[in-house]
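Please look through the structure below with the paragraphs that follow. They take it up one site at a time.

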Amino acid sequence: MTMKTIKKVETQIMDLMAVETIQKVETQIVDLPLKRIHKFSVTSIVTKAYLIVRIYSANGLMGIGEATTPGGPWWGGEAIESIKTIIDEYFAPCLIGQDALNINQIMAKLDKVAVHNTFAKAAVEMSLLDLKGRALNVPIYQLLGGLYRESSRINWPLAMGDSKADIAEAEQIMDDGIAHDFKVKMGYLSPQDDVNYLGELCKGLCDKATVRGDLNAAWNESQARVWLPALADHGMHLIEQPMESWNKAGMARLRSMISMPILADESLRTTQDALELAALAAADAFSFKPLKSGGLLVCQQIVAIAAASGTSCYAGTFLESSIGTSSMMHLVAATPNIDYGNELVGPIWLADDIVQEPMEYRDGHVWVKHGPGLGVDLDEDKVKHYLRS
Ligand code: MN
């Protein structure tokens with residue numbers, strides 16, 4: 001061994017033995033502009049709020065994390081302002097003085113400080129994973145089992161409305177190489193109108209693209225049994241959350257009667273939900289989101305339960321910026337059974353990002369970052385510019 005190699009090995013050993021004592025926790029709210037108004041069932045937004053969490057170690061390292069909500073507390077009960085308060089007033093005092101590398105230990109402590117609050121916990125955990133990756137000089141996927149894939153297929157959400165306009169948008173998205181898989185929100189119209197609308201989209205697109213519908217739990221079991229076979233006949237590729245989140249047994253009954261794959265979203269938040277869905281064989285795939293489950297490591301457990309039951313997984317979205325999107329891509333990159341693609345389109349929908357090198361979108365895929373930690377660094381000028389005063 002040369003002196004240089006010995007020195008390198010020595011440094012690596014020192015790194016592995018290092019303790020990263022948490023010295024300071026900082027949170028900031030930024031409001032980022034969207035390219036166009038985004039409508040949810042209960043609200044519409046032109047900017048999207050993100051909470052940036054910075055955790056500093058005594059050795060001078062900083063990890064960054066992010067939380068965001070779909071325009072307020074209607075989806076998960078947490079709002080950007082409440083996430084900030086929980087972290088500042090309750091989590092930060094508990095984090096100071098801890099070794100940032102002991103993530104499992106820290107997250108167990110936070111579970112004792114606050115029940116639920118999964119969005120706040122996910123943001124803190126993201127920041128710890130980033131810090132740990134930087135401390136060990138590896139991308140987060142190395143902490144999750146190493147690289148299995150570098151990219152994942154994008155599902156592009158089409159705006160609910162005019163089928164001609166949506167087909168035109170889909171053609172454009174395919175021409176631009178962004179995606180060849182499309183997702184449509186359902187449940188705002190009557191079931192008959194939904195079937196007609198999706199039928200039109202399938203007619204226009206299904207010979208060159210896939211079309212899936214997301215009912216967001218809008219139908220009940222009998223509506224699903226009556227109306228979904230017609231959509232399967234139209235060539236619809238997959239149905240997401242066809243009925244109420246609690247009705248896992250109903251999803252299993254539906255699954256045994258239709259050939260179209262079923263993706264569980266609202267039915268799946270906890271590891272116990274995953275176990276129940278797996279035992280009932282209620283879904284072909286699970287949609288995981290760290291913000292709804294309390295972090296990437298809980299999602300890794302969910303994905304493992306899925307693997308053990310022969311279930312596929314899919315990366316859902318709350319329209320994270322490049323920070324949250326990158327964190328999810330590390331799990332996607334590390335895991336074989338996340339093979340239903342993703343809807344990680346947040347960075348495309350944002351008119352501006354707050355990192356120096358946003359996520360890369362190419363060939364209908366989003367690509368994992370290979371730098372240490374999350375692999376993205378804040379653009380401090382932009383953080384200042386979009387900071388909520
Ligand atoms: Mn969904």
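**A lysine, a metal site and a helix pair**

Leaving aside neighbours within four places in sequence, Lys-248 is in contact with Ser-267, Asp-273, Glu-276, Leu-277, Leu-280 and Ala-282, where contact means heavy atoms within 4.5 Å. This is a predicted model, in which local features need pLDDT of at least 70 and side-chain atom pairs count only at pLDDT 80 or more, while totals for chains, interfaces and linings use all residues. Residues are numbered from 1 along each chain as its sequence is written, and side-chain values use heavy atoms, with hydrogens and water left out.

Lys-248 belongs to helix α9, residues 248-257. Helices (H or I, at least four residues) and strands (E, at least two) are DSSP runs, numbered from the N terminus. With a relative accessibility of 7%, Lys-248 counts as buried; buried means under 20% relative accessible area, exposed over 50% and partly exposed in between, with a 1.4 Å probe and protein chains only.

Next comes the metal. Asp-214 (OD), Glu-240 (OE) and Asp-265 (OD) coordinate the manganese ion at 2.1 to 2.4 Å. Donors are N, O and S atoms within 2.8 Å of the metal (3.2 Å for Na, K and Ca), and sites may look incomplete because water is not among the atoms. Along the sequence the donor residues follow the spacing D-x25-E-x24-D. Glu-240 lies in strand β8 (residues 238-240) and Asp-265 in the loop between β9 (262-264) and α10 (271-280), so this pair ties together parts that are 25 residues apart in sequence. Both Glu-240 and Asp-265 are buried.

How do two of the helices pack, and at what angle do the axes of α7 and α8 cross? The axes of α7 (residues 191-205) and α8 (residues 221-233) come within 10 Å and cross at roughly 20°. The two helices are therefore roughly parallel to each other, a term for angles under 35 degrees. In the contact, Pro-191, Gln-192, Val-195, Leu-198 and Gly-199 of α7 meet Gln-223, Trp-227, Ala-230 and Leu-231 of α8. These residues divide into six nonpolar, three polar and no charged.

Two loop residues remain. Most residues other than glycine have a negative phi. His-116, however, has a positive phi near 60°; this residue sits in the loop between α3 (103-113) and α4 (118-136) and is exposed, with a relative accessible area of 62%. Asp-363 also has a positive phi, near 55°. Asp-363 is in the loop between β12 (360-362) and β13 (365-367), exposed at a relative accessible area of 57%.

Terms used
Axes are lines fitted to C-alpha atoms, for helices over the stretch in contact, and angles run from 0 to 180 degrees between N-to-C directions. Angles under 35 degrees count as roughly parallel, over 145 as roughly antiparallel, 65 to 115 as roughly perpendicular and the rest as oblique. Ala, Val, Leu, Ile, Met, Phe, Trp, Tyr, Cys and Pro count as nonpolar, Asp, Glu, Lys and Arg as charged, and the others, Gly among them, as polar.
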